[in-house]
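Student: I am new to this one. Could you take me through it step by step?

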Amino acid sequence: MNEPREIVLPRGHNVNFGAPVDTMVALGGGKVVEAGYANECSPEQIEACITRRLPPSCTSSLTTACRKAFSPLEQAAVVARKHNLPLIVDAAAEEDLMCYYQMGADLVIYSGAKAIEGPTSGLVIGKKQYVEWVKQQSGGIGRAMKVGKEGILGLTQAIESYLTSEKTTGAQMVERMTPFISQLNTLNGISAKTVWDSAGRDIARVEITFDEAVLGMSTVEIVQRLKTGDIAIYFRGYKANEGKIEVDVRSVNEQQLMTVFTCIKNLFTENQA
């Protein structure tokens with residue numbers, strides 16, 4: 001295990017998204033080296049974590065993403081080029097399949113099931129050499145986690161549809177969610193409003209705030225009960241500890257939003273009964 005395998009990762013990006021990022025890296029044979037702090041990571045902090053004893057053979061990697069107080073992708077790319085290292089971007093649910101590669105990333109990883117709306121799968125875009133290295137995982141952890149032929153065909157069709165279909169604009173999202181927000185604001189102890197994507201993308205969401213004292217239920221419990229109801233409803237619950245959740249409306253229509261409203265309304269009707 002003396003071979004170079006370190007992955008330099010901004011500390012604030014080493015999160016648990018359902019599984020810890022560093023665990024996922026370890027399953028692939030890598031070892032995370034955290035750079036910077038939870039709330040900041042400069043190019044100098046990234047560079048300081050590059051192990052000097054390792055040969056510049058692209059066997060260490062830099063992983064980053066676009067976030068406030070973190071190095072812009074272009075700056076991380078400069079550091080990676082200086083040390084002849086590949087720059088990896090975990091784009092997850094990002095919508096643009098071109099921009100991160102064009103900004104200097106060598107490998108960009110997307111979820112096939114999020115913005116692309118395909119089956120459970122992943123998509124890696126990048127330079128041929130590094131993609132070939134990714135393929136070597138088919139002899140390791142990738143073998144046990146391989147996607148079936150049906151999944152590959154499903155993802156291929158989803159990508160084709162995603163690239164050719166007309167994208168919903170933020171303004172259209174606002175129009176779709178407005179009746180939903182109006183209905184939510186009729187419920188005692190609940191307020192809703194439009195919020196925009198914090199990363200600057202043209203994505204509008206509904207932010208719902210729960211007055212836990214009035215409702216007699218914590219936001220965490222509300223999220224859990226809606227998730228496990230007859231109709232399973234999942235929210236963006238990153239601010240649940242603050243009494244707030246967000247609704248992403250990109251993959252639902254007006255009728256489905258009204259179903260969500262009805263489930264929220266019925267939850268508190270049942271609780272009061």
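Tutor: What follows goes from the chain as a whole to its strands, its charged pairs, its cysteines and one serine. This is a predicted model: local features need pLDDT of at least 70, side-chain atom pairs count only at pLDDT 80 or more, and totals for chains, interfaces and linings use all residues. Residues are numbered from 1 along each chain as its sequence is written, and side-chain values use heavy atoms, with hydrogens and water left out.

Student: How many helices and strands does the chain have?

Tutor: The chain has 11 helices and nine strands. Both are DSSP runs numbered from the N terminus, helices being H or I with at least four residues and strands being E with at least two.

Student: What share of the residues is buried?

Tutor: Of the 273 residues in the chain, 40% count as buried. Buried means under 20% relative accessible area, exposed means over 50%, and partly exposed lies in between, for a 1.4 Å probe and protein chains only.

Student: What about contacts between residues at least 24 apart?

Tutor: They make up 59% of the contacts in the chain between residues at least 6 apart in sequence. A contact means heavy atoms within 4.5 Å.

Student: Let us turn to the strands. Which strands pair with β8?

Tutor: Strand β7, residues 190-196, pairs with β8 in the antiparallel sense over seven bridges. Strand β9, residues 244-248, also runs antiparallel to β8, and five bridges join them. Two strands pair if DSSP finds at least two bridges between them.

Student: Which residues are bridge partners there?

Tutor: V195 has R205 of β8 as its bridge partner, and V206 has V247 of β9.

Student: Is β8 mostly covered or mostly uncovered?

Tutor: Strand β8, residues 204-210, is mostly covered, with six of its seven residues buried. As a general point, side chains in a regular strand alternate between the two faces of the sheet.

Student: New topic: how many salt bridges are there?

Tutor: The count comes to 14 salt bridges. A salt bridge here is a side-chain nitrogen of Lys or Arg within 4 Å of a carboxyl oxygen of Asp or Glu.

Student: Which residue forms a salt bridge with R250?

Tutor: R250 forms a salt bridge with E95, and their closest N and O atoms are 3.0 Å apart. The pair links distant parts of the chain, 155 residues apart: R250 is in the loop between β9 and α11, and E95 is in the loop between β4 and α4. R250 is partly exposed at 21% relative accessibility, and E95 is partly exposed at 29%.

Student: What about K127?

Tutor: K127 forms a salt bridge with D106, with the closest N and O atoms 3.0 Å apart. This pair also links distant parts of the chain, with K127 in the loop between β6 and α5 and D106 in the loop between α4 and β5, 21 residues apart. K127 is partly exposed, with a relative accessible area of 34%, whereas D106 is buried at 1%.

Student: How far apart are E221 and R225 in helix α10?

Tutor: They are four residues apart in that helix, residues 219-227, and so are separated by about one helical turn. E221 is partly exposed at 37% relative accessibility, and R225 is partly exposed at 30%. Elsewhere, salt bridges that share partners join E94, E95, D197, R201, R205, D248 and R250 into one network.

Student: Now the cysteines. Why are there zero disulfides?

Tutor: The structure holds zero disulfides, a disulfide being a pair of cysteine sulfur atoms within 2.5 Å. The sulfur of C41 is 7.4 Å from its closest cysteine sulfur, in C49, which is too far for a bond. C41 is buried, with a relative accessible area of 2%, and C49 counts as buried at 18%.

Student: Last one: what does S111 touch?

Tutor: Leaving aside residues up to four places away in sequence, S111 touches A92, I116 and S121. S111 lies in strand β5 and is buried, with a relative accessible area of 12%. A polar atom of the S111 side chain lies 3.4 Å from the backbone nitrogen of K114.

Notes
Polar contact = N/O pair within 3.5 Å; in protein donor to acceptor, adjacent residues only side chain to side chain.
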